[in-house]
Amino acid sequence: MKFNFSNKNINEINDEAIVLGVFKDDISSKQDLIENVDLSSILNLGDFSGKKKQLMLLYNVEGMETKRLLLVGLGKKENFKSSIARSVSAIAAKNLRSKGISSFSILQMGEFSRETAEGVILGLYTFDELKKASTDNNEIKNVTFIGGGDFNTGIVIAEAQVIARRLTELPANIATPTYVSEEIQKIFKPMDNTDIKIHEEKWALDRKMNSFLSVAAGSDQPAKFAEIKYYGTDKSEKPIILAGKGITFDTGGISLKGGAGMGLMRGDMGGAAAVIGILYAVSKLKLNINVIGLTPLTENMPSGKATKPSDVVFASNGKSIEIDNTDAEGRLILADALVYADEFKPHTVIDIATLTGAMGVALGEHYTGSFVRSDELWQELEHAGIQSDEKLWRMPLDKKYKKQLKSTLADLKNVGGRPAGSVTAAMFLSEFTETKRWAHLDIAGTAWVTSAGDITIKGMTGVPVRALTQFIINSC
Ligand code: BES
Ligand code: MN
Ligand code: ZN
């Protein structure tokens, strides 16, 4: 898809279609834009009121070069907000695509230029690359954004989320740790402000990352640990560190999962994919801040070499872990990533992980469970979640839950039983970072959706690329 920007008047644009948002019961305010259409007479016919998400296509409007004018309802002006701007842009774009149109122009929805761009790109996102022939979907090749708004930020953030969606969606025979590492190299090659290191297992061994390596032990695919460094300001400024769970496939290991729905465990690297997407956005937007992305990447497989329940390993901070259940592997790989993160003396550490099924049970697919050590950091994250419409909900990090992790063999065990499974997982992670401004985001419920929405197809969502990119923008 190619993007263009124009400041032309609506009547001078020559495209296949133009999209114009109109508020409910306020159509006349757009009258000056399209002077040759008698909007109020259309309103009187009752076909179109500007109700939220309503569409009406007008043809051959006198005085307009463009033959199609798609009106999209924004709903009542007083209720209008950024998330509606995203939705209606997506709905309009998809409607034009379904008509076989390949190029259109769009005006920003209300005052939201960024969200208009995001809605168009996220709404049109599909995952067809593994299908032989072109699919039922016609392709939009050109989008022109009309008016002087900041569409570019929205384009970059949406592209970043598309990167995350795609990497998460790709099946595990393709998206191995090696493949994901190569994709990272490819994505950041054109950027001159990032420094990429793909560490091998030997590096992890030298750093005594035995918790991470205990998960990789059962897999024939070599594990990788990617480090993506972006310096947008003086190197002495403390970085924000993002650590993403990168399990390219989670079988459960020796504590093998049941078969039903296991294929979705290709998405168990959604945290890593989000980190990659966010670093893309930060680097593309050249934000005035330092950010480091860390992604331990491995499969979790059963085999003769796999870790067994009750095996004890020593993590890189020296703590011993009884691996009571090999299916609680995400916290094992993140433990060593968090220890490593602390070495950078970070300003803030945020880990992102499809960590516990219990999180999806608790909050479903609309809110990401957030475990945050600092109240101040929580307020910043909550705000960014609202701004980006990727909502976060705070969960407890209370040492009362710690005793569920007591082990007879080691300093702690990696599971805490059924009660509050997401909380004990977070408590486990808290043993591996000292950073005050630390947050753990459990995206197990939000990383994929079971039915399509306005700006998501059924499948991987790329959450929380928008929320955390917004958080970083706010931190600059
Ligand atoms: N990747 C899963 C968590 C998960 C489950 C994410 C469903 C998305 C949807 C994680 O590695 C896991 O298996 N967790 C276990 C932990 C348990 C053994 C304490 C779980 O949630 O069952
Ligand atoms: Mn697991
Ligand atoms: Zn997992």
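Predicted model: local features only at pLDDT ≥ 70, side-chain atom pairs only at ≥ 80, totals over all residues.
**Entry 1: the manganese ion**

I began with the manganese ion (ligand 2). I listed its protein donors as Asp250 (OD), Asp327 (O), Asp327 (OD) and Glu329 (OE). They lie 2.1 to 2.2 Å from the ion.

Next I checked the geometry. The site has 6 donor atoms, with angles of 72 to 170° among them. I put the manganese site down as irregular. Along the chain, its donors follow the spacing D-x76-D-x1-E. The pair Asp250 and Glu329 links distant parts of the chain, 79 residues apart. Asp250 sits in strand β10 (residues 246-250). Glu329 sits in the loop between β13 (320-323) and α9 (330-342).

**Entry 2: the zinc ion**

I moved on to the zinc ion (ligand 3). Lys245 (NZ), Asp250 (OD), Asp268 (OD) and Glu329 (OE) coordinate it, at 2.0 to 2.4 Å. The spacing of these donors along the chain reads K-x4-D-x17-D-x60-E.

Which geometry does the zinc site have? I noted it as octahedral, with angles of 79 to 175° among 6 donor atoms. For reference, ideal angles for six octahedral donors are 90 or 180 degrees.

Which residue bridges the zinc ion and the manganese ion? I found Asp250 in that place, with the two ions 3.1 Å apart.

I then looked up accessibility around the metals. Asp250 has a relative accessible area of 2%, so I recorded it as buried. Lys245 comes out at 1% relative accessibility and therefore also counts as buried. Glu329 is buried as well.

**Entry 3: helix α4 against α13**

I turned to helix packing. Two packed helices are described by the angle between their axes and the distance between the axes. Helix α4 (residues 151-169) packs on helix α13 (residues 465-475) at an angle of about 135°. Their axes are 9 Å apart. I therefore noted α4 and α13 as oblique to each other. Their crossing is right-handed.

I wrote down the contact residues too. From α4 they are Thr153, Ile157, Ala160, Gln161 and Ala164. From α13 they are Val465, Arg466, Thr469 and Ile473.

**Entry 4: helix α4 against α8**

I checked α4 against helix α8 (residues 270-284) as well. The axes come within 8 Å and cross at roughly 155°. An angle over 145 degrees counts as roughly antiparallel, so I filed α4 and α8 that way. This crossing is right-handed. On the α4 side, the contact is made by Val156, Glu159, Ala160, Ile163, Ala164, Leu167 and Thr168. On the α8 side I listed Gly270, Ala273, Ala274, Ile276, Gly277, Tyr280, Ala281 and Lys284.

**Entry 5: two loop residues**

I looked up Gly258 in the loop between β10 and α8. Is Gly258 buried or exposed? Its relative accessibility is 53%, so I marked Gly258 as exposed. I also took its distance to Gly100, 158 residues apart from it along the chain. The two C-alpha atoms are separated by 43 Å.

Last, I looked up Leu405. It lies in the loop between β16 (392-395) and β17 (412-413). At 2% relative accessibility, Leu405 counts as buried. Leaving out residues up to four places away in sequence, Leu405 touches Leu412, Lys413, Val415, Gly416, Thr424, Met427 and Phe428. Gly357 is 48 residues apart from Leu405 along the chain. I noted 18 Å between their C-alpha atoms.

Conventions
Residues numbered from 1 in each chain as written. Chains lettered and ligands numbered in written order. Heavy atoms only, no water. Donors = N, O, S within 2.8 Å, 3.2 Å for Na, K, Ca; no water. Tetrahedral: all angles 85-135°; square planar, octahedral: opposite > 155°, others 65-115°. Helix = DSSP H or I, 4+ residues; strand = E, 2+ residues; numbered from the N terminus. Buried < 20%, exposed > 50% of the residue type's maximum accessible area, 1.4 Å probe, protein only. Axes fitted to C-alpha atoms, helices over the stretch in contact; angles between N-to-C directions. Parallel < 35°, antiparallel > 145°, perpendicular 65-115°, else oblique. Left-handed = near helix turned anticlockwise from the far one by under 90°. Contact = heavy atoms within 4.5 Å.
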